[in-house]
Amino acid sequence: MSAFLSIRNLSLVLKGGPRLLRSVSLDVEAGEVRGLVGESGAGKSMIGKAVLGILPRSVEVVEGEIWLDEVDLLKLRPSERRRKIGATAALIPQDPLTALNPSRRVGPQVTDRLVDILGWKRADAQARALELLAEVHIPDPARVMRSYPHELSGGMRQRVLIASAFAAEPKLIVADEPTTALDVTVQKQILHLIARMQARHGTALLFVTHDLGVVSKVCGSLAVLYGGLVVEQSPVRDFFRQPAHAYSRALLAATPKYTDPMAGLNPVPEAVITAVQAEVAQADASWRNGGWRHD
Amino acid sequence: MPSSTPGFAMLDARAMVKRRLGLRLWLSGGWLVVLVVAATFAPWLAPHNPLEQDLFTSRLPPFWMAGAEPGYWLGTDSLGRDVLSRIMYGARIALVVALIAGTATALIGATLGLIAGYFRGWADLVISRLVDIWMAFPPVLFAILLIAVMGPGLVSVIVAIIVIDWTRFARVVRAEAMAQGAMDYVASAQVAGQKRLGTMLTEILPNVLPTIVVLLTLEMGIAVIVEAILSFVNLSISTDFPTWGGMIAEGRTSVHQAWWVLVFPLATLFLTVLSFSQLGEGLKDRFDPVLR
Amino acid sequence: MILRRLLSRLATTLVTLLGVSVIVFVTIRVVPGNPIAMMLPPGATEADIDRLRALYGFDRSIMEQYFIWLWGVVQGDFGTSIQSRQPVLRLVLNRLPATLELSIMALVIAVVIGGFLALTGTRLRGTRTEGAIDVTSGMALSVPDFLWGLVLILLFGVLWPVFHISGRISPQLTSEFTTNFFLFESVVRLRFDLWRDLVSHMFMPALALAIPLAAIISQLLKQSLKETMHLDYVTLSRTKGYGENHVIIREALPNAVLPTLTLVGVQFTFLIGGTVIIERLFSYEGLGNMAIDAVINRDLPLIQGIVILFAVLFTVVNLFVDMLYAVLNPRLRHA
């Protein structure tokens, strides 16, 4: 496996229900920024959750491999898998208001992984956390480390979470709609911050979003999902110049442009939806014939 | 799609709970029916006179043990009285107290709760303050105190239960009435020109009624246990009349010689209290469309 | 912030206590029944009765009696017990430690059992074990402490007699103590022989009191834990490499405890109220047992004293829980 993260043929089902991911294959090279785009329910954040081992209990992996740093996560025992993920990957969560534990001080929430999982000395972890908080432009990091989450603004908390994600120098970061819950004014800053941090640390980034505008600014390549099916993967430059798939084109057309917000509000046409749904059904049919049956 | 994931797990759990609920209602309801029948027809069903003492037949063991005498199914106590017959007659006291004290407590407590919750103002102020004060009383001690003052007896027991427990209804009904009163349909009824009292009775009461019924069921179980406690400390109806609490008090002192004198009334009381509360919980789940 | 909260709570507490005292006072005196007549030997004359009435102040109006009593209370004088002719305050304070130790032991047992069940149920959520815990705690909750006491007497006093079911301590050991906080003293003086004897007496009544509370704690805390387990910071902690146990205990528990705490406070006052009958059942020489004796003997000053003391205990517990909540909740602490 040359890619740092390599997802092979991954299928997830809702227990006793339909497939959420339909034989998804996806590679993320070291240091690459990969966007995952789709409407809500397309399964884009399920990919991130599967990689980080935080799928809901009601979701089951029925086939596939997730190679992270030369190891197939799905073959590991649960405790080993957790440690492997904790040591090599990190999450920038969607909602900074709920992603910090309200009853713990900020400092320990940044340093806990370094100390408990990676075996750093407490003082080293402390120093590292201060350094990173400064790097994400948090004024007076020492004071912030001592404070409780409710004492910080939403933007500040998201910075803390970004610092925390980069603190252990992970090789891969999953950013799950990291700006959706923020004020529009803060969104841009946070986006720039993530991009800058990524560039400086050379971390591979899996950027889950429904916003193609964001993708065009941050990502090097992207995968478009519909109904748990990857309909198109291409470099961002090619994608915006000439989307290959009809659904991608429709999606692009439906994205509001910053220059003229009202101009692009064309809903995805019925015909395109029908076509892509047929594709999904096709995928399911060939999958069942391929031997594996669910139930 | 991801947002709907917990829903599936819950559907399963809900089906499971529903099944268990049905069983729970049937079992507790069944036991209470048995009890009502035994109490009502005690004079015909009971094998012996519950008061009849016979020192020659004292401390006979229950039927399956060596030394048992036929006809004394659950044995006899130290005065030779038949345990089964006494339990059946004891059920009369227990159920009468449950019914009268429970209903009266519900009526008084719910009325005060409705008034406080719907009319608010000074009535609410007074009633809420009283509830606060009541919460600072140790209930059992309060009940015992009341009985001591009024003198032992069935009426005193019933009055004591009403006095200590009305707050249970008042608190819950007040909160519900307040919540209901804030809802739109009440406002629209008022716009339509209904009188305040009328609104309370026609709009609020029917919606609070399920809660009251559930509380009443639970209260009956509590009344049974309070009666048992009071007769245990010898403050209920006169001692020679059979009560479960009295039997338990006697059984407690001779438990090393004749365990059955304690065990059978205790088991009966246990099942009865459990049945009332399970019935109440079951009803609560039935009435409440959203499972807790 | 916390100070202001404390002061306003103290004010309402005072009003509540005054209310309690008025109600007890009036209840005892308005309803017919003649305590004086019961105190005198048969054959006492009307004059004897009148003399005693005057002695205890029963010849005055209720209002007067109340204010005389209240004035005494302010000075620390709760009157004199009719039965034992000793100051009520001293009698009551002598018994208070026994009841406090029993209640606190019961609380500890309830927290340990309830907490363990809640954590186990959360760890094994969705399994049969969780279902079993739910059913058990539902049952435990429906049956009051009085019945659990009797069941325990049968099981561990008669069927398999491993615990004492009567008294607070073996009688010959009573003289070993200098305070009335037997359990506390035995620990401080490292007298574990005494400690063991005490615990073998106290465990059954304490467990009887603890069972319903343990069930409530188990249900509330598990509910609260399960809600917390869905939150983002718990998920984030998982991605850091932490296992289920760590996530439940370090991340979810501290936040799940707070909403449980207030409800447990109220339930703990119910537990203290339960000591009255449980002490009777286990012949435990505490306040509750004394209260029932006082009621049976119509010892009015003593009854008043005990009821007031219980009310004080209740309100103090509520106050304490309220403050604890404020201290534990970081949002309130820094606001």
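Student: Which residue stands opposite L68(A) in β5(A)?
Tutor: That would be V71(A). Keep in mind that this is a predicted model.

Student: Thanks! How many bridges join β4(A) to β5(A), and which way do the strands run?
Tutor: There are 2 bridges between β4(A) and β5(A), and the strands run antiparallel. The hairpin they form has 2 residues between the strands, and D69(A) takes a positive phi near 55° there.

Student: What's the strand order in the open sheet of chain A?
Tutor: The order is β2-β1-β4-β5, 4 strands with antiparallel pairing.

Student: And which are the edge strands?
Tutor: β2 (19-28) and β5 (71-72) of chain A, each of which pairs on one side only.

Student: How many bridges hold β1 and β2 of chain A in their pairing?
Tutor: Strand β1 of chain A, residues 5-14, pairs with β2(A) over 6 bridges in the antiparallel sense. If you want a spot to look at, find L10(A), with V24(A) of β2(A) opposite.

Student: What about β1(A) with β4?
Tutor: β1(A) pairs with β4 of chain A (residues 59-68) over 8 bridges, again antiparallel. In that pairing, I7(A) has I66(A) of β4(A) standing opposite.

Student: Okay, helices now. At what angle do α6 and α7 of chain A cross?
Tutor: Roughly 15°, for α6 (residues 154-167) and α7 (residues 184-201) of chain A, with their axes coming within 11 Å. Because angles under 35 degrees count as roughly parallel, α6(A) is roughly parallel to α7(A).

Student: Is the crossing right-handed or left-handed?
Tutor: Right-handed, as α6(A) passes α7(A).

Student: Which residues of α6(A) and α7(A) meet?
Tutor: From α6(A) they include G155(A), R159(A), I162(A) and F166(A), and from α7(A) they include I190(A), L193(A), I194(A) and H201(A). By class, the residues of this contact are 7 nonpolar, 5 polar and 1 charged.

Student: Which residues does V208(B) contact, leaving aside its neighbours within four places in sequence?
Tutor: V208(B) is in contact with V173(B), E176(B), A177(B) and Q180(B).

Student: How many residues are in contact between chain B and chain C?
Tutor: 31 residues of chain B are in contact with 33 residues of chain C. On the chain B side, α4 (121-135), α5 (139-150), α8 (196-232) and α10 (260-287) each supply at least two residues.

Student: What classes of residue are on that side of chain B?
Tutor: The side of chain B that touches chain C has 26 nonpolar, 4 polar and 1 charged residues.

Student: One last topic. What is phi at R59(B), and where does that residue lie?
Tutor: Phi of R59(B) is near 50°, a positive value in a residue other than glycine. R59(B) lies in the loop between α2 (42-45) and α3 (83-119) of chain B. It counts as partly exposed, because it has 17 C-beta neighbours inside 10 Å.

Student: And what is phi at S283(C)?
Tutor: S283(C) has a positive phi of about 45°, although it is not a glycine. You'll find S283(C) in the loop between α11 (244-281) and α12 (287-296) of chain C. With 14 C-beta neighbours inside 10 Å, S283(C) counts as partly exposed.

Key: Residues numbered from 1 in each chain as written. Chains lettered and ligands numbered in written order. Predicted model: local features only at pLDDT ≥ 70, side-chain atom pairs only at ≥ 80, totals over all residues. Contact = placed C-beta atoms within 7 Å. Nonpolar A, V, L, I, M, F, W, Y, C, P; charged D, E, K, R; others polar. Pairing = 2+ DSSP bridges. Axes fitted to C-alpha atoms, helices over the stretch in contact; angles between N-to-C directions. Parallel < 35°, antiparallel > 145°, perpendicular 65-115°, else oblique. Left-handed = near helix turned anticlockwise from the far one by under 90°. Buried ≥ 20, exposed ≤ 12 C-beta atoms within 10 Å, placed from the backbone.
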